[in-house]
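Q: I would like a close look at the charged pairs in this model, then at the aromatic pairs. Please give the cut-offs along the way.

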Amino acid sequence: MSQEIMDYVTSEVYGVWFLIGAALVFWMQAGFAMVEAGFTRAKNAGNIIMKNLMDFCIGTVMFIVIGFGLFLGEDALFGLVGIPNMDIFTNYAEFGWSNFVFNLVFCATTATIVSGAMAERTRFISYCVYSAVISGIIYPIEAHWTWGGGWLAQMGFHDFAGSNCIHMVGGICALIGAAMEGPRIGKFVKDKAGKIVKVNAFPGHNLPLGALGVFILWLGWYGFNGAAATSVDQLGSIFVTTTIAPAVATVVCMIFTWIRFGKPDVSMCLNASLAGLVAITAPCDVVDAFGATVVGAVAGVLVVFGVWFLDHKLYVDDPVGAVAVHMINGVWGTVAVGLFATDTAPTYGLADSAGNPMLGLFYGGGFKLLGIQILGMACTAAFTAVTIWITFALINMTLGLRATAEEEITGLDQAEHGLPSAYADFEIQNSYGAEYLEGMTDIELGDLDIASEESAVEVKVAPNVDEQTMQKGSAKMTKIEILCRERNLERLKNSLVSIGITGMTVSHVMGCGAQKGQPEYYRGVELEPTLLPKIRIDVVVCAVPVRKVIEVAKKTLYTGHIGDGKIFIYNVENVVKIRTGEEGFDALQDVE
């Protein structure tokens with residue numbers, strides 16, 4: 001009788017832990033959102049938060065309608081797919097509520113991975129569509145093979161928590177999507193022959209936010225890997241391996257980047273923590289501490305290699321390192337089962353049809369388990385690659401995958417959601433390299449929707465400057481003040497330098513204005529005109545003609561749209577150089 005009571009209590013306790021684990025996995029959505037937002041630019045933060053929110057919400061709808069049935073419905077077609085059903089509506093009293101929630105949160109994770117690799121240039125409606133396809137069709141079918149009693153499960157394929165079914169699948173979708181969509185404007189610089197000669201870095205706008213996301217994910221991963229544990233010993237072992245692998249991966253990455261780049265790379269180490277977690281996800285229940293150490297060490301190197309390989313060999317722009325973290329280390333974690341599985345792990349359950357334990361290659365098990373793991377991984381990868389390529393191709397033909405160049409440069413917060421900034425009342429400084437627009441193709445430049453020449457940038461001349469002085473470009477000292485968008489700073493600076501201006505003062509200022517007939521709304525309420533960040537460039541000239549400066553600035557800044565900027569001209573009575581005491585013309589002849 002006492003044993004029956006203990007069994008009942010144990011069952012109830014693990015039932016509660018099962019749901020707590022599901023809640024921890026749901027909380028990982030916040031981690032993914034913070035990592036992606038922190039590793040990208042501020043002008044897209046609102047769009048990224050919206051995408052990560054809709055991942056789960058759209059995924060829930062699709063999982064109810066079709067995904068849950070395809071995943072865990074009655075097995076059909078020789079283990080290839082489950083039969084869709086509406087039991088959640090028609091037989092709710094006997095429905096497996098806990099099982100539904102648990103598998104739903106894992107499904108949402110798969111679609112979230114894709115968001116990071118395609119960040120900052122994807123149309124929101126297109127994102128919603130392919131997220132729905134991943135959650136409703138792609139993930140449920142391939143997950144059925146492993147976790148729904150499908151053909152891979154019958155063969156003995158092992159993926160305890162999702163290195164293969166979730167992370168590799170999401171990473172493959174991310175790679176194909178980022179490759180089909182193309183890089184962000186300015187990421188790669190091409191020569192006249194069209195060959196890529198330089199890779200530009202776009203630093204994330206908020207590294208502490210990204211770090212917070214990594215810590216949230218690491219916490220959630222204890223539920224991700226441990227929720228399906230069936231004993232205290234197994235849960236404890238899973239917690240140990242889930243701690244060792246990311247810690248070792250991060251240390252190895254720190255040492256590697258320190259040696260390779262001269263200093264330890266912060267963002268890469270954050271990626272390495274996630275890479276170690278991804279790699280240990282499949283073998284977390286079947287490896288010992290040594291196996292987890294090796295899994296983590298390899299992951300720490302693979303993530304650095306993956307980021308470099310995408311940037312410098314494949315020329316695929318992945319803003320957050322999603323492919324290196326999830327796809328490459330998802331593959332590694334799946335293979336690691338066949339290398340390091342050991343029956344010293346608690347409640348070890350890998351066995352062949354005769355009931356004999358199947359061990360990893362390095363633990364005396366030969367190649368049988370390794371072969372099964374490679375076969376299962378290859379089949380899952382092939383199915384994912386084909387289905388997601390078809391999905392992206394159809395979306396691109398109909399809705400279009402990519403935002404326009406103008407929308408991308410402005411930022412998807414504004415273009416897709418009418419959100420001036422995700423950081424209201426904060427001054428946002430975006431990072432742009434000197435080659436920001438030099439990397440644009442003629443087609444991309446054409447997308448900027450240049451207006452007619454007649455509507456060029458307005459030039460306002462202060463009343464105390466006579467037109468004759470401007471036309472003659474005399475040596476009289478003149479101050480020129482130019483207000484423009486932040487993204488045009490580098491281009492304007494280079495243009496001014498090209499005509500002999502090497503000294504200028506650059507200030508971040510805030511401007512207020514609203515376009516008539518185009519109100520903006522927040523929660524249905526019309527917004528008042530908002531202060532937006534601008535750049536003010538001040539130069540004082542005497543040898544360089546004022547008219548030349550004006551024409552160069554107009555040519556550089558002109559698009560014909562509201563917000564191109566303004567130019568103000570002022571007389572300057574005198575200039576004094578503090579260091580030498582020189583005044584007037586002489587004080588402007590060099591730069592300190």
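Which residue forms a salt bridge with Arg 121, and how far apart are the closest N and O atoms?

A: Glu 181 forms that salt bridge, with the closest N and O atoms 3.5 Å apart. This is a predicted model: local features need pLDDT of at least 70, side-chain atom pairs count only at pLDDT 80 or more, and totals for chains, interfaces and linings use all residues. Residues are numbered from 1 along each chain as its sequence is written, and side-chain values use heavy atoms, with hydrogens and water left out.

A salt bridge here is a side-chain nitrogen of Lys or Arg within 4 Å of a carboxyl oxygen of Asp or Glu. The structure holds 11 of them. Glu 181 lies in helix H7 (residues 163-181) and Arg 121 in the loop between helix H4 (97-117) and helix H5 (124-147), so the pair ties together parts that are 60 residues apart in sequence. Helices (H or I, at least four residues) and strands (E, at least two) are DSSP runs, numbered from the N terminus. Both Glu 181 and Arg 121 are buried. Buried means under 20% relative accessible area, exposed over 50%, and partly exposed in between (1.4 Å probe, protein chains only).

Next comes Asp 317. Its salt bridge is with Arg 184, and the closest N and O atoms are 2.7 Å apart. Asp 317 lies in the loop between H11 and helix H12 (322-340), and Arg 184 in the loop between H7 and strand S3 (188-190), so the pair ties together parts that are 133 residues apart in sequence. Asp 317 and Arg 184 are buried.

Arg 547 and Glu 551 also form a salt bridge, their closest N and O atoms being 3.4 Å apart. They are 4 residues apart in helix H19, and therefore separated by about one helical turn. Arg 547 is partly exposed at 29% relative accessibility. Glu 551 is partly exposed too, at 36%. Elsewhere, salt bridges that share partners join Arg 41, Glu 120, Arg 184 and Asp 317 into one network.

Helix H19 (residues 546-557) also holds Thr 556. Thr 556 is buried, at 9% relative accessibility. Its side chain reaches the backbone oxygen of Val 552 at 2.8 Å. Leaving aside neighbours within four places in sequence, Thr 556 is in contact (heavy atoms within 4.5 Å) with Arg 491, Leu 492 and Ser 495.

Now the rings. Rings of Phe, Tyr and Trp (its six-membered ring) pair if their centres lie within 6.5 Å; planes under 30 degrees apart count as stacked, over 60 as edge-to-face and the rest as tilted. By this rule the count is 24 aromatic pairs. Phe 305 and Phe 309 have ring centres 5.5 Å apart and planes at 25°, so they are stacked. These two are 4 residues apart in helix H11 (residues 289-314), separated by about one helical turn. Phe 305 is partly exposed at 40%, and Phe 309 is partly exposed at 30%. For Trp 332 and Phe 340 the centres are 6.4 Å apart and the planes at 85°, so that pair is edge-to-face. Trp 332 and Phe 340 are both buried. One aromatic cluster is formed by Phe 18, Phe 102, Phe 106, Trp 221 and Phe 224.

Technical notes: A polar contact is a pair of N or O atoms within 3.5 Å; within protein, one must be able to donate a hydrogen and the other to accept it, and residues adjacent in sequence count only if both atoms are side-chain atoms.
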